[in-house]
Amino acid sequence: MEKAPLPNKVREFSKWYDEVLSKAELIDIRYGVKGFVVYRPNAMIIVKKIYDLFEDELKKRGHKQMLLPLVIPMSNLRKEAEHVKGFENQVFIIERAGGDVLEEKLVLRPTSETAIYPMMSLWIKSYKDLPMKLFQSVAVYRHETKATRPLLRGREFLWIETHDAFATSEEAEAQIKEDLEIAKKVYDELGLAFIVVEREEFDRFPGAERSFAYDALMPNGEVLQIATTHYLGQKFSKPFEVMFMDERGVNRYPYTTCFGIGISRTLAAIIITHGDDYGLVLPFGMAIYDIVIVPILYKGKEKEVIKKARRIEEIVRNAGYSVKLDDGEETPGEKFYKWEMLGVPVRIEIGSREVSEGTVTVFRRDLRKREKKKDGELVEYLGYLKSDMIRVLRGRSWNTLKERLVKVNSREELLEEAGKGKIILANFCGKKECADGIKAETRGYEVRGRRIDEPVEPWGPCVWCGEGAKRVVVLAKAF
Ligand SMILES: [Zn+2]
């Protein structure tokens, strides 16, 4: 068997990840500022696609795009007590500008609640101004103290944040459901499996009344939070004095929600979930090209082969695919290696045999399988591959997740399954002491929260203390 160009993804995940980021020309870590990376063109194609999918879904459901300043006055950040406690120690602060000390310090947004609510207090006057559903697509800045990893944990990361305000708590709660639908729809299109949980009280977004999170799976069994949505109630509208006059002329505080979609982490999840030991694996529309054509040239037959390759290139382009005819100087083997590393979904190989037979050899990247097709069948087959490849990627991702999930009934079973790197479902009493105990004795398993995409009722007492269980929670190591 040919030797794969990358380390094994499961056994040497960390090495695999660093090498695929570099060899597929996705991320450059040599910028020189810890926690800050450069997104190269191949990464930005995927980033743009993720942004487009989410922004389209948000707009379809009545959100409008806006853009807030990067800087937030320090006094704004301090207005909501829990919120500032959660973020104060991880913000970047600007103290000087143009050689002078600023009258008021400015922070680089770690998230934008404290930027948007002062504006909402100016924009929202009457019930007629509600609901107000806004979003922005930006980078945010948090001075992470844990070890940084490109895309997975950076001090600058790309995301989308929504900020929605409603007249009633019912509408705000309905928005949380809508956020979950949006995330499900887009992650499905990206072929990513995930678990949705409601966080425990001791693990909420600073200032939120309820927090929900999307966790994707890493090859080592750890989970990666890729999006979160929060019900904020009136906890931000009150300190920021956002008020509206209702139909009876009474002034009230609106109920608000926010939805944070980690674009950098979603990119990481796509690379990690779909990639293999030969490089990136991407569905159509996300790689530099959908299709590359590699002519296999033999002496004396070059002309016919190139002529056919050009003809096929035109047919494929007219069918709506982005295509590259790679007639460069490298050997076919070198070309195969390169385009596989970059995750190009389909490669068409054309040699003198294909010319004489009236066929093409089609290689699909997800299964790394070749199939011969008659020239006349090519376009139809590409249409099939386009939908089949995303189906295969999605199915693989879900199977891997399901294989990891296991229910446990006792402390002993919990410790045993944790040792195997499983994602665990267990009965839980809701107490922080139990969560802390589990984390200490399993070397890092966290209570991620109550699963809400496939709710399960408790079937026994708390797995840790043996007292009555309030709910079933997901236990996993977080990246
Ligand atoms: Zn307990």
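Ala-97 stands opposite Asp-100 in β6, where helices (H or I, at least four residues) and strands (E, at least two) are DSSP runs numbered from the N terminus. Four bridges join β5 to strand β6 (residues 100–108), and the two run antiparallel; strands are said to pair if DSSP finds at least two bridges between them. The model is a predicted one, in which local features need pLDDT of at least 70 and side-chain atom pairs count only at pLDDT 80 or more, while totals for chains, interfaces and linings use all residues. Residues are numbered from 1 along each chain as its sequence is written.

The sheet around this pair is open and has three strands, in the order β4-β6-β5, with antiparallel pairing. β4 and β5 (93–97) are its edges; each has a single partner strand, so one side of each is left without a neighbour in the sheet. From one strand to the next, the twist averages 45°, with axes taken as lines fitted to C-alpha atoms (for helices over the stretch in contact) and angles running from 0 to 180 degrees between N-to-C directions.

Helix α5 (residues 113–123) has Glu-113, Thr-114, Ala-115, Ile-116, Tyr-117 and Met-120 as buried residues. Here a residue is buried if 20 or more other C-beta atoms lie within 10 Å of its own, exposed if 12 or fewer, and partly exposed in between, with C-beta atoms placed from the backbone. The buried residues of α5 pack against β4 (71–73), α3 (74–77), α4 (81–87), β7 (132–141), β8 (156–166) and β14; contact requires C-beta atoms, placed from the backbone, within 7 Å of each other.

Leu-151, in the loop between β7 and β8, has a positive phi near 70°. Glu-25 lies in the loop between α1 (13–23) and β1 (27–28) and has a positive phi near 55°. With 15 C-beta neighbours inside 10 Å, Glu-25 counts as partly exposed.

β10 and β11 pair in the antiparallel sense over eight bridges, and Leu-224 in β11 is the bridge partner of Ala-216. Five residues lie between the strands of this hairpin, where Gly-221 takes a positive phi near 95°. On to β14 (residues 255–262): six bridges join this strand to β11, again in an antiparallel run, and Ala-227 stands opposite Ile-261. Strand β11 (residues 223–233) is mostly covered, with ten of its eleven residues buried.

Ala-216 also belongs to the residues with the most contacts inside the largest nonpolar core, together with Phe-194, Leu-267, Ile-293, Ala-426, Phe-428 and Leu-475. This core has 131 residues, a nonpolar core being a set of buried Ala, Val, Leu, Ile, Met, Phe, Trp, Tyr and Cys residues joined through C-beta atoms within 7 Å. Helix α7 (residues 263–274) gives the most to the core, with seven residues. Leaving aside residues up to four places away in sequence, Ala-216 touches Leu-192, Ala-193, Phe-194, Val-223, Leu-224, Ile-226, Ala-269 and Thr-273.

Gly-191 is found in the loop between α6 (169–189) and β9. Gly-191 counts as buried, since 25 C-beta neighbours lie inside 10 Å. Although 201 residues separate Gly-191 from Val-392 in sequence, their C-alpha atoms are 8.4 Å apart in space. With residues up to four places away in sequence left out, Gly-191 touches His-274, Pro-283, Ile-390, Leu-393, Arg-394 and Ser-397.

At the level of the whole chain, the domain assignment gives domain 1 (13–274), domain 2 (291–384) and domain 3 (405–477), with bounds that come from an automatic or database assignment. The C-alpha centres of domain 1 and domain 3 lie 28 Å apart. Between these two domains, 14 residues of domain 1 are in contact with 16 residues of domain 3. On the side of domain 1 that touches domain 3, β9 (195–198) and β10 (210–217) each supply at least two residues, and β9 gives the most, with four residues. By class, this side of domain 1 has seven nonpolar, two polar and five charged residues; Ala, Val, Leu, Ile, Met, Phe, Trp, Tyr, Cys and Pro count as nonpolar, Asp, Glu, Lys and Arg as charged, and the others, Gly among them, as polar.
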